[in-house]
Amino acid sequence: MEAVVTAVFEVLNFGAIMVLVVLGLGVIAGMMGIFNFAHGEFVLLGAYTVYLFHTWTLPIWLGMLAAPAVVAAVAVVLERLVIRRFYAAPVIAMLGTYALGLAIRESVRGLIGGLYRAVPEPLPGSFDIGAIHIAKWRLAIVVITVLVMVGSYLLLTRTGFGLRVRAALENPSLARASGISTNRIYAATFAFGAALAGLAGALVVPVFSLSADLGIRFLIQGFLAVMLGGVGSFEGSVIGAGVIGIMSAALPWAVAPVLADVLVFVIAVVLVRIWPRGLTAGRTV
Amino acid sequence: MARAQWWRPSPGTIVAALEVLLLSVFALLPLALQHFWVIFVTRVLILALLALSFDLVWGFAGIMSFGQALFFGAAGYVVALLARDAGVTSVFVVLPAALAVGLALAFLVASFLLLGRNPPSLTFVALGTLTGSYAGDRLARGWYYLGGQNGIPSIPPMTAGPVQITEGVAYYYLALAFLIAVYAACRFLVGSQFGLALAGIRINEARMAFFGYHVQLLKAVVFSVAGAVAGIAGGLYAFHEGFVWPNMLGVILSTQIVLYTLFGGVGTLIGAVIGVIAIEIVSFVLADAYPTVWPVILGVLLLVIILFRPSGLISLFVPRRTRVGVFGLTARRPRRIPGEVDGAA
């Protein structure tokens, strides 16, 4: 019983982290048709911000609040300078964002000296219910993810800004003709997606500790999650992330870990090949 | 104008001149270099072979492959296993085996990703091949039989009958011979009717399908051929280094090859070779002097090239139009509106 609850919580926890990463990736992919290879580096930048706050002996939670803002600011600058030029060419965008990510990743690697840096959890300790131990911070990650998810959903469906975003997504020419500045919407969306990545990085850094390759491990799983859920839909990203996250956390319990790791990718690619438009195909926000 | 245009070489002549120049430089290079540098240049030649395989799929057929390292590394692992467990090191066995592995694996991947009822989107193929490469890397890292993280060390040297081909001048010429042979074959291929059909697919896939070409099949064929080339490169690399390790399969190498080719110039073959040589040499010199800053500079440099010189270094010498199948089309690419989810891009 205890083992099952612990396992379920582990699965839930990893799924939550995936959802945070994938939401940003999915918003950018759906909106601009860009598969952002630098997304993992946005996660890394978020984590690095928290680490900086830690070295300045400021409270960790303050760093976590600042991280999305910092990453969003960086993203706005990058969008204006670089990403904007890639809108017409999806493949060139992949290469360009990869080069961008390389530059960011190696800069951070130089700054932290190529080592693993530990950051303490802002909420140490765990809830103990009988023999079940649930780390407070891991529970907090799940709660925050749910809040962010609901917040993003409300932002997209219940506000004027969300309406304009959806208009620009659905029919860019018509949106422009109706007086919506799609350029600004794209910049804002890109920053929003990056902020989500930054938040994800900030939240997971106490769990995984900071290293330059922190972001990469989420990137490919993130892409698969976006495609699996269906490009260009909010629910799709959530569902895709959930499926991938749960699969990669749960499969090692069923088959040998070596195989499980690879099996997740194979299953995901096969599913996308069968349903090219994703699980949610069309039925979306 | 005072200077009449008394001699303006055609782009084809310039490319041919570049090829002859590179060929003669590489043929004579070992005479002038120390042992250490011969080994370094051999490595560059083998990577150039891998870059050629990528140029074949992306530069000519327009299939984005982020997974060329998968075929490279898989072939490397297979020949390493042959040498370790079966004691087979003969060049006449291991290199054909490497080729076969690359070909078979690439055909498998292609038949899953490219063939079938619904033709895949460009981005799906790109991400699918990327995933393949990543999965291969993870598998090799976790599998004890393949040596896990450490890979397979101390592969015995390659043999040709009683003679050992060790790293150095002999191996250099072996690699060069393969590079020249593969280059010549690729050149013939892309100039043939098959190559023109590929260029047609790259420019306008739907129209080629209406002409009656089996578009998906042609793509699968060229993808498999490129996989075979990557396989040969992997076999050569494994014996040259004397060990194989998971990074040979991984995403980093796959992406590096893509970027190096882009840097040199896609769709020209010679551009791929030039790109690899240029970056490997600069990287070797600078990585020593500035080990932490260099990767950052490399990233920025590649970004600048992608943004401002999309046709690469080669476009300094020859106009873009020389690329097979481009003709007068460059200026009139249909503009894609951002936000539209791409079908065939």
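## A tour of chains A and B

Begin by showing both chains together, where 44 residues of chain B are in contact with 43 residues of chain A, two residues being in contact if their C-beta atoms, placed from the backbone, lie within 7 Å. Helix H5 (122-142), helix H10 (251-264) and helix H12 (293-308) of chain B each supply at least two residues of the side of chain B that touches chain A; helices (H or I, at least four residues) and strands (E, at least two) are DSSP runs, numbered from the N terminus. The most is given by H5(B), with 13 residues. Sorted by class, the residues on this side of chain B are 29 nonpolar, ten polar and five charged, where Ala, Val, Leu, Ile, Met, Phe, Trp, Tyr, Cys and Pro count as nonpolar, Asp, Glu, Lys and Arg as charged, and the others, Gly among them, as polar.

Before going further, note that this is a predicted model, in which local features need pLDDT of at least 70 and side-chain atom pairs count only at pLDDT 80 or more, while totals for chains, interfaces and linings use all residues. Residues are numbered from 1 along each chain as its sequence is written, and chains are lettered from A and ligands numbered from 1 in the order in which they are written.

**Stop 1: helix H5 of chain B**

Select H5(B), which is mostly covered, since 17 of its 21 residues are buried; a residue is buried if 20 or more other C-beta atoms lie within 10 Å of its own, exposed if 12 or fewer, and partly exposed in between, with C-beta atoms placed from the backbone. At 1.5 Å a residue, the 21 residues of H5(B) should span 30 Å, and the end C-alpha atoms are 31 Å apart, which agrees; the expected span is 1.5 Å times one less than the number of residues.

**Stop 2: two loop residues of chain B**

Move to B:Ser154, in the loop between H5 and strand E1 (158-160) of chain B. Phi of B:Ser154 is near 40°, a positive value in a residue other than glycine, and B:Ser154 is exposed, with 9 other C-beta atoms within 10 Å.

Next select B:Leu269, placed in the loop between H10 and H11 of chain B, where phi is near 65°, again a positive value in a residue other than glycine. Is B:Leu269 buried or exposed? With 28 C-beta neighbours inside 10 Å, B:Leu269 counts as buried.

**Stop 3: helices H2 and H11 of chain B**

Now show helix H2 (residues 35-60) and helix H11 (residues 270-289) of chain B, which pack at an angle of about 140°, with their axes 8 Å apart; axes are lines fitted to C-alpha atoms, for helices over the stretch in contact, and angles run from 0 to 180 degrees between N-to-C directions. H2(B) and H11(B) are therefore oblique to each other, given that angles under 35 degrees count as roughly parallel, over 145 as roughly antiparallel, 65 to 115 as roughly perpendicular and the rest as oblique. H2(B) passes H11(B) in a right-handed crossing; a crossing is left-handed if the near helix is turned anticlockwise from the far one by less than a right angle, and right-handed if clockwise. Among the residues that meet here are B:Phe40 and B:Asp55 in H2(B), and B:Glu280 and B:Phe284 in H11(B). By class, this contact has twelve nonpolar, one polar and two charged residues.

**Stop 4: helix H1 of chain A and its partners**

Turn to chain A and select helix H1 (residues 2-32) with helix H8 (residues 182-208), whose axes come within 8 Å and cross at roughly 165°. That makes H1(A) roughly antiparallel to H8(A), and the crossing is left-handed. The meeting residues include A:Ile17 and A:Met32 in H1(A), and A:Tyr186 and A:Val204 in H8(A); by class the contact has 18 nonpolar, three polar and no charged residues.

The crossing of H1(A) and H10(A) is right-handed, and their contact has 14 nonpolar, eight polar and one charged residues.

**Stop 5: A:Ile60**

Finish at A:Ile60, in helix H3 (residues 60-81) of chain A, which counts as partly exposed with 19 C-beta neighbours inside 10 Å. Which residues does A:Ile60 touch, not counting residues up to four places away in sequence? They are A:Val50, A:Phe53, A:His54, A:Val119, A:Pro120 and A:Pro122. A:Ile60 and A:Glu121 are 61 residues apart in sequence and 7.9 Å apart in space, C-alpha to C-alpha.
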